Amino acid sequence: MLDEILKQVQIGTLSISEAKEKLATFENLGFAKVDHHRKKRQGFAEVVYGEGKTAEQIVSIVLALRARNNEILVTRVSKEKAGVILNACPEFTYNETAQIIFWKDEVESKKNKEGYIAVIAAGTSDLRVAEEAAVTAEVLGSSVHRIYDVGVAGIHRLLNHAEEIQQATVSIVVAGMEGALPSVVGGLVSHPVIAVPTSIGYGANFHGLSALLTMLNSCASGISVVNIDNGFGGGYNAVLIHQLAQKGEALKNEDTLL
C-alpha cells in the first residue's frame with residue numbers, strides 16, 4: 001500500500017495532502033477519532049458501540065469507516081436510532097433482536113467459512129445477547145450455527161444437538177438465571193467454550209451476577225467467561241479462536257502436501 005501511494009505521488013495522480021490523508025492512522029471528527037489503522041493491527045476494523053451516541057454521531061463515524069471499505073458493525077442500537085442511520089446508509093442492515101447495524105463485504109466475509117461457531121442459548125429470553133454474539137461472528141467472517149432454547153431445565157433438548165455442538169470449532173454459550181448451561185456444554189466438547197452470562201432472571205439473579213459467578217466457578221475445563229450481556233465480546237473472541245484453528249488446519253495441510 002505504501003509503495004502504491006508513493007508511486008501515485010511521484011507520477012502526480014495523488015497530491016501530498018491526499019497521500020497524508022490515506023496514510024493517516026485515525027480521522028478526527030471532533031467528537032470521535034476514528035481508528036483507521038485498527039484493521040491492520042488486529043485484522044478487523046473498529047467496531048462502534050452505539051449506546052450513548054446520537055444517531056447523527058454514529059452516521060458520521062460509519063461513513064468515515066465505510067469510505068475505507070471497512071466492514072461496519074455497530075452494537076447496542078435502538079430501533080429509533082436505527083431508522084435514522086438506515087435513512088442515511090440504506091445499504092446497511094439492522095438486526096432488531098441483536099440491536100446491531102452492520103454492513104459486510106460478502107466476498108471478504110467468506111474467508112473463515114471452513115468450520116463453524118456454535119452459538120447456544122439457554123432460553124428465548126437470552127436471544128438478544130445470543131444474536132449479538134452470532135451477528136458479530138458472522139460480520140467478522142465466520143459461519144455460525146444457532147442452537148436456541150436448550151437450557152438445563154429440559155436437558156434432552158441440548159442433547160438432541162450434541163453432535164452438531166461437538167463438531168464446532170468453538171461454542172458460545174449464553175445463559176441467565178443460574179447460568180449452568182456452559183458447565184454442561186463444557187463437559188461434552190473438546191473445544192473452547194466462551195460463556196456469556198445474561199441479566200435474565202428473578203431478584204436473586206442480581207441482574208446476571210449469579211450467572212456470572214456460576215460460570216466463573218464452573219468445574220468443567222476449557223470455559224472462559226465474558227462480562228454480563230456481552231454478546232459482542234463472546235462473538236469477537238470466538239472469531240479469533242476460529243481464525244487460529246483455520247490457520248492451524250492450513251499449516252497442517254501444507255505439511256501433508258510436503
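A search of the whole structure finds 6 salt bridges. A salt bridge here is a side-chain nitrogen of Lys or Arg within 4 Å of a carboxyl oxygen of Asp or Glu. The model is predicted: local features need pLDDT of at least 70, side-chain atom pairs count only at pLDDT 80 or more, and totals for chains, interfaces and linings use all residues. Residues are numbered from 1 along each chain as its sequence is written, and side-chain values use heavy atoms, with hydrogens and water left out.

| Pair | N to O distance |
|---|---|
| Arg-76 and Glu-132 | 3.1 Å |
| Glu-96 and Lys-79 | 3.9 Å |
| Arg-146 and Glu-138 | 2.9 Å |

Take the salt bridge of Arg-76 and Glu-132. This pair links distant parts of the chain, 56 residues apart. Arg-76 sits in the loop between β4 (72–75) and α5 (79–88), while Glu-132 belongs to helix α6 (residues 127–139). Helices (H or I, at least four residues) and strands (E, at least two) are DSSP runs, numbered from the N terminus. Both Arg-76 and Glu-132 are buried. Buried means under 20% relative accessible area, exposed means over 50%, and partly exposed lies in between (1.4 Å probe, protein chains only).

Next comes the salt bridge of Glu-96 with Lys-79. These partners are 17 residues apart: Glu-96 is in the loop between β5 (93–95) and β6 (100–103), and Lys-79 is in helix α5. Glu-96 is partly exposed, because its relative accessible area is 46%. Lys-79 reaches 52%, so it counts as exposed.

Arg-146 pairs with Glu-138 in a salt bridge. Arg-146 is partly exposed at 33%, and Glu-138 is partly exposed at 21%. Elsewhere, salt bridges that share partners join Glu-51, Arg-76 and Glu-132 into one network.

What about the cysteines? The structure holds 0 disulfides, a disulfide being a pair of cysteine sulfur atoms within 2.5 Å. Cys-89 has 0% relative accessibility, so it counts as buried. Cys-219 is exposed, because its relative accessible area is 77%.

Now the chain as a whole. It has 11 helices and 11 strands. Of its 258 residues, 45% count as buried. Among contacts (heavy atoms within 4.5 Å) between residues at least 6 apart in sequence, 65% join residues at least 24 apart.
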